[in-house]
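Thank you for making time this morning.

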Amino acid sequence: MNPNAAHVITLGLRPNAQPREGLSTGIAPLDALLTHVQTQGFPRGAISEILGPESSGRTTLLHSLLAAATAQLEICAYVDTGDSFDPVSAAASGVALSQLVWVRCGHNAAHALKAADALLHAGGFGVVVLDLCQVPTRIWNHIPISYWYRFRRAIENTPSILAITGQQPAAKSCASLMLDLTRKRTIWTGAPGFSLLRGVEIEATSRKPVRAAAVQFIAQAI
Amino acid sequence: MIFACIHGLSESLPAIAAAFSPSFEQTAPDTIVFRIDGLERLHGSPRQIADAIAHRAGENINVAIAPTADAAILAARNFPGITVAPDLNGLDVGTLPLTEEMAQVFESWGIYTLEQLAQLPENGLAERFGPHGVYLQQLARGIIHRPLKIFQPETTYDGRIELDHPVSLLEPLLFLIARILSDQCARLLSNAMAASEVTIHLELEDHPGHIRTLHLPVPMRESKSLLKLLQMDLEAHPPQAPTLALSLTLKPVHPRTVQTGIFLPITPAPDKLELTLARIRGIVGESNVGIPELLNTHHPHPYRLVRAQPSVVSHPSAAAGHQAFRYFRPPLPATVSLDGNRPARIIASGIQGKVLQAAGPWRTSGDWWTSTAWNRDEWDIALTNGALYRIYCDPHWFIEGSYD
């Protein structure tokens, strides 16, 4: 018997690990990807990050997540740092607006973090979205890392999900799920001069808990 | 059972009735009826009880004693002075609560007195007038035995404290507010009521009063929650001068009753959620927290933020995968170069590039009869960096937001 066997740590996926309870997004390829990385959707009681550049489908994915949560009669919250939330496209994605608390923070990241802190500690929310997409890098770099530990502590052992979206990782080691989104191509129809925007093909890659093969899905224009 | 009824124009009718019975029914502002069983040992026969009531009531008040409440009311309203065991047979049928149609029909039938109405066949009356006809006949016969609707004086939930010295700090005031709230919330609880509105009135030194009213989205009666809400409100809107006296009024309503389900997800407790939202309002501003609500309009921004608590009212099916839009608030002013009336290049703060593809123009206008009129051409554009934007000309160019 190998005396060092107890100290051997298996890196990557554990074959017999139980998937974490999660919330499916309703986007079949993405749900399949998340099941593959053993999270069964966005993991509950944990922080998830959705990363990507502009027009990469971050908000589309957030709306799908909120729609799935509100369809299960959960109350959700959207902490809107950059005052960018569009209720019309959210409603078109299936979000029940009557179950959504919208907090407009007027481009103030400190206010957004305090509001998210209050919401997470109040408890009872299905999904709390912290939208940091329009936070400038110089402010991003000054966000204290203690916030993310505090947020993780507030929601662990609860069914709440904290979904953070931005251009770069914020919660880093505190996040249980990290998805990278990129825009593959834009779909237009019609002849030049009479074209219509039909949607965007998006590629999603899991960066955490493990790197996994990319999947594509299409965000259809309304 | 024996009932007494007093009828007359007097504001002291409830006090007169309360002298003889702790529970009474105020049928109308000028009519009160109550039971007098058990008063025989104090006053004697029904006639002597009626005399005692009339003696206390004074002049111009009719008193009637009858075996049913409605018979006593009819007698008190139609016989002057004191009436004991009245004979209602001779009363005009118009003394009953008739509709105009019923009065005409009775007149055509030759029914003028209660005695004549009482002798009509009950089935025939039911066929002609329905349940109300039968009820009137039973009134005429004096056989309706019903419980009294006991008069409950309006309970007010308020408290007032006058201070010996003016207080300028909020913390000592909160101790006093907590004292009043604790008492009033205990009263609310004992009466199975809750508060839907809390008003605090601070009387200030050399200043007009400072009045703040909290409209609660759900009825509450937990003094700690109400105190915290008042504290946050007073911190956001402090009084302009030291306080000399304070008074607090709670508006009572019936508490909210909700049937919860074992399989329903856990949602935030309403009072805790209200505290959280009040705390966030203190951070981001009063008008920046609420529920988004869509408006029935073609306006470019067809929504508003409603100050309310979230509620589960619909069960929409998720339609995932619709492309979302993100607004730039305020819209970014842009310089757009045109090529044959189509955008060819765009420069704005943080965004610039050649337009690879554009869809439009989508011309919209509306509300020209109001001050919020809009008239603009919208374009969906893709730039060289791949980002998708919605721009509009109004008549200056702006970037409204991005597709994400």
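Let me start with Trp102(A), whose bridge partner in S10(B) is Gly290(B). Before I go further, please keep in mind that this is a predicted model, in which local features need pLDDT of at least 70 and side-chain atom pairs count only at pLDDT 80 or more, while totals for chains, interfaces and linings use all residues. Residues are numbered from 1 along each chain as its sequence is written, and chains are lettered from A and ligands numbered from 1 in the order in which they are written.

When I say helix or strand, I mean DSSP runs, H or I of at least four residues for helices and E of at least two for strands, numbered from the N terminus; two strands pair if DSSP finds at least two bridges between them. In that sense strand S5 of chain A, residues 100–104, and S10(B) pair in the antiparallel sense over 2 bridges. Strands of a sheet pair through backbone hydrogen bonds, either parallel or antiparallel.

What is the order of the strands in this open sheet? There are 10 strands with mixed pairing, and they run S10(A)-S9(A)-S8(A)-S3(A)-S7(A)-S6(A)-S4(A)-S5(A)-S10(B)-S11(B).

Within chain A, strand S3 (46–51) and strand S7 (161–166) run parallel and are joined by 6 bridges, and Glu49(A) has Ile164(A) as its bridge partner in S7(A). Helix H2 of chain A, residues 58–71, packs on the sheet, touching S3, S7 and S10 of chain A, among others, and its direction makes about 165° with that of S6(A).

Next, Cys133(A), which sits in the loop between S6 and helix H5 (137–140) of chain A. Is Cys133(A) buried or exposed? Cys133(A) counts as buried because it has 23 C-beta neighbours inside 10 Å; the cut-offs are 20 or more other C-beta atoms within 10 Å for buried, 12 or fewer for exposed, and partly exposed in between, with C-beta atoms placed from the backbone. Leaving aside residues up to four places away in sequence, Cys133(A) touches Arg58(A), Gly82(A), Ser84(A), Thr165(A), Gly166(A) and Gln167(A), where contact means C-beta atoms, placed from the backbone, within 7 Å. Arg58(A) is 75 residues away along the chain, yet the two C-alpha atoms are separated by 9.0 Å.

Turning to the meeting of the two chains, 53 residues of chain B are in contact with 64 residues of chain A. H11(B) gives the largest share of chain B's side, 7 residues.

Finally, chain B as a whole has 11 helices and 17 strands. Its radius of gyration, taken over C-alpha atoms, is 35 Å, well over the 22 Å that the globule rule gives for 404 residues, so chain B is more spread out than a compact globule; that rule is 2.2 Å times the number of residues to the power 0.38. The C-alpha atoms of chain B fill a box of roughly 105 × 70 × 50 Å along the principal axes, and buried residues make up 31% of its 404 residues.

Technical notes: Axes are lines fitted to C-alpha atoms, for helices over the stretch in contact, and angles run from 0 to 180 degrees between N-to-C directions.
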